[in-house]
Amino acid sequence: MNWKSIILYLPAAAVVIGLLLVVFSTAFPPVYARIDNADQQQEITEFNSTVSQVNQWFRNDWQSAGLSQAPPADEKILLRRLSLALHGTIPSLEELRRFETDKRPNRLQQWCREMLEDPRFADYFAERFTRAFVGTQGEPFLVFRRDRFRNWIVEQLKQNRPYNQVVQEIISQDGLWTGEPATNFMTHAVLNGDVDENKLAGKTVRAVLGQRIDCAQCHDHPFADWKQHDFEGLAAYFGQVRLSAFGVEDRKNQEYKVEDRITLEERTVQPEVPFQENLLPDSGTRREQLAFWSTHPENRRFSRAAVNRIWALMFGKAFSEGAPYYTRVDDLPDPEDDEGTGTALDLLADAFVASNYNIKELIQTIAALEVYRLDSTTDEIDDSIVRQQIDHWAVFPLIRLRPEQVVGSMLQAASIKTIDQNSHLLIRTFKLINENDFLKEYGDFGADELDERAGTVPQALLRMNGKLFEESTRPSPFNATPRIALASGSPEHILETCFLTCLTRSPSQEEKQFFLTQWQEEKSVRWPQRTHDLYWALINSPEFSWNH
């Protein structure tokens with residue numbers, strides 16, 4: 001080919017090279033992302049008093065128990081802790097690089113606030129609240145739309161609507177389940193075309209008041225003050241609910257009747273609350289009255305239940321009323337009559353009411369607490385003392401990640417860029433499909449997702465050898481492993497980057513020595529394969545699947 005022919009092909013070659021550069025810059029964006037220089041230096045002061053009071057309560061409790069608390073956790077670990085709690089995934093390498101260059105005072109406080117404004121927070125927490133109110137069921141499909149209910153919760157969280165108003169609407173709303181999404185709380189309890197008042201009563205007390213009275217449906221509660229007539233009185237508030245062509249409605253002339261278990265005769269039950277009858281309004285439908293009573297500022301069960309659930313989502317387990325008593329997220333004991341004798345839970349509940357039931361402010365308050373920022377390790381070697389530290393929150397609890405956190409973290413670790421609403425449509429579609437498939441195989445905890453469970457061998461094998469890991473880490477222009485191998489300038493940098501991306505921390509000196517030595521002995525293995533193998537080891541390590 002002579003020089004004249006070369007000149008003829010130069011324009012086409014330039015176009016091809018230009019396209020390759022565009023594709024390369026898209027597939028391989030800079031690993032080090034820049035920080036947004038927006039001016040967000042102002043201090044958050046609204047909850048300082050509550051933070052101080054709760055911190056002091058825990059210090060007094062530790063002193064009374066003769067316990068020392070764990071040291072403060074590293075800030076990167078705290079960022080991981082917040083990301084798992086609020087977004088259901090570990091932070092991306094892109095976010096970690098921004099965090100490292102963030103020099104704002106109280107940057108963790110600022111990042112918490114920004115995470116709450118991220119759409120990922122509303123999406124993740126909406127699923128958590130949806131499970132509390134309607135579980136994970138998809139039936140009865142003809143009159144129940146779980147996705148509509150969840151999407152409605154998403155919008156309430158984005159607007160930061162007061163939580164008491166959200167709950168009031170869930171209990172009292174009428175209309176079509178397609179047009180009024182809150183009514184799906186009613187229709188999820190439809191059985192054979194009829195509304196199950198008992199299911200609604202039990203679910204309301206558990207989700208709204210944080211207590212379990214289900215067994216009182218058949219007999220008096222053996223360990224609490226709940227009686228069978230208490231359960232029947234609450235169920236009667238749903239006794240007028242019926243479905244029609246117009247959706248959920250209350251038939252005011254209809255009475256609630258049950259079969260007497262002794263005489264087997266039908267008897268009428270009037271709506272009645274088991275305590276604080278003075279909080280009931282004088283007007284409104286039965287469900288409107290129950291909704292107002294349930295969320296009344298003086299009904300401390302409501303605020304305590306809300307705080308306990310948020311606490312459980314932030315820490316991985318519900319608040320403990322004191323060693324050795326452990327409470328489930330929806331099985332709190334009755335509040336003390338004297339408010340001055342309350343626990344940290346009561347202090348936070350009072351602040352929650354004073355903030356007009358502001359969920360985001362409550363989360364920021366919990367995230368700012370000393371107890372939330374403690375490390376998960378302790379210098380104590382006596383198992384009995386360690387157990388006391390755990391019971392008294394003197395060390396941050398180690399809790400196994402829930403299935404959706406595991407799959408979210410695996411997908412995020414496989415990407416340099418943050419996977420969020422701004423990600424490419426193909427990436428978001430890949431994430432959605434693989435999340436659903438993984439959860440089916442891994443196992444979903446359902447409505448009891450906050451109950452403590454041990455990991456299983458099949459779950460570990462699924463992480464090791466499952467399709468998700470293979471597809472998300474297979475060398476390609478969009479996956480993290482080849483990009484880290486190509487972009488990092490040294491073995492030390494590859495090691496550092498992989499540890500940050502998977503475990504949100506730097507490798508220890510022993511870990512550095514081990515991997516660098518091994519890599520030196522395996523000179524025939526290419527760097528992309530080495531990076532892939534390291535990813536396999538880190539994602540399948542016990543540390544990856546715990547909240548620490």
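This text goes through the predicted model from the whole chain down to single residues.

The model is predicted, so local features are given only at pLDDT of at least 70 and side-chain atom pairs count only at pLDDT 80 or more, while totals for chains, interfaces and linings use all residues. Residues are numbered from 1 along each chain as its sequence is written, and side-chain values use heavy atoms, with hydrogens and water left out.

The chain contains 24 helices and six strands; these are DSSP runs numbered from the N terminus, H or I of at least four residues for helices and E of at least two for strands. Of the 548 residues, 51% are buried. Buried stands for under 20% relative accessible area, exposed for over 50%, and partly exposed for values in between, with a 1.4 Å probe and protein chains only. The chain exposes about 26,100 Å², and carbon and sulfur atoms supply 53% of that area. Accessible areas come from the Shrake-Rupley method with a 1.4 Å probe, and for residues only the protein chains shown count as cover. When contacts between residues at least 6 apart in sequence are taken, 71% join residues at least 24 apart, a contact being heavy atoms within 4.5 Å.

Helix α13 covers residues 300–315, and its 16 residues should span 22 Å at 1.5 Å a residue; the end C-alpha atoms are 22 Å apart, which agrees. The expected span is 1.5 Å times one less than the number of residues. In α13, 16 of 16 residues are buried. Just after α13 comes Gly316, with a positive phi of about 95°.

Charged side chains come next. Side chains of opposite charge can pair when their charged atoms come close. The count of salt bridges is 29, each being a side-chain nitrogen of Lys or Arg within 4 Å of a carboxyl oxygen of Asp or Glu. In one of them, Glu127 pairs with Arg150, with the closest N and O atoms 3.3 Å apart. This pair links distant parts of the chain, since Glu127 is in helix α6 (residues 119–134) and Arg150 is in helix α7 (residues 146–158), 23 residues apart. Glu127 is buried, at a relative accessible area of 13%.

Another salt bridge joins Glu232 and Arg267 at 2.9 Å, N to O. Glu232 is buried at 10% relative accessible area, whereas Arg267 is partly exposed at 30%.

Arg402 and Glu404 also form a salt bridge, with their closest N and O atoms 2.8 Å apart. Both Arg402 and Glu404 are buried. Through shared partners, salt bridges join Glu127, Arg131, Arg146 and Arg150 into one network.

Arg107 lies in helix α5 (residues 107–117) and counts as buried at 19% relative accessibility. Leaving aside residues up to four places away in sequence, Arg107 touches Glu75, Phe99, Glu100 and Asp102.

The cysteines remain. The structure holds zero disulfides, a disulfide being a pair of cysteine sulfur atoms within 2.5 Å. Cys498 is in no disulfide, and the nearest cysteine sulfur, that of Cys502, is 6.3 Å away. Cys498 is buried, with a relative accessible area of 0%. Cys502 is likewise in no disulfide, and Cys502 counts as buried at 0% relative accessibility.
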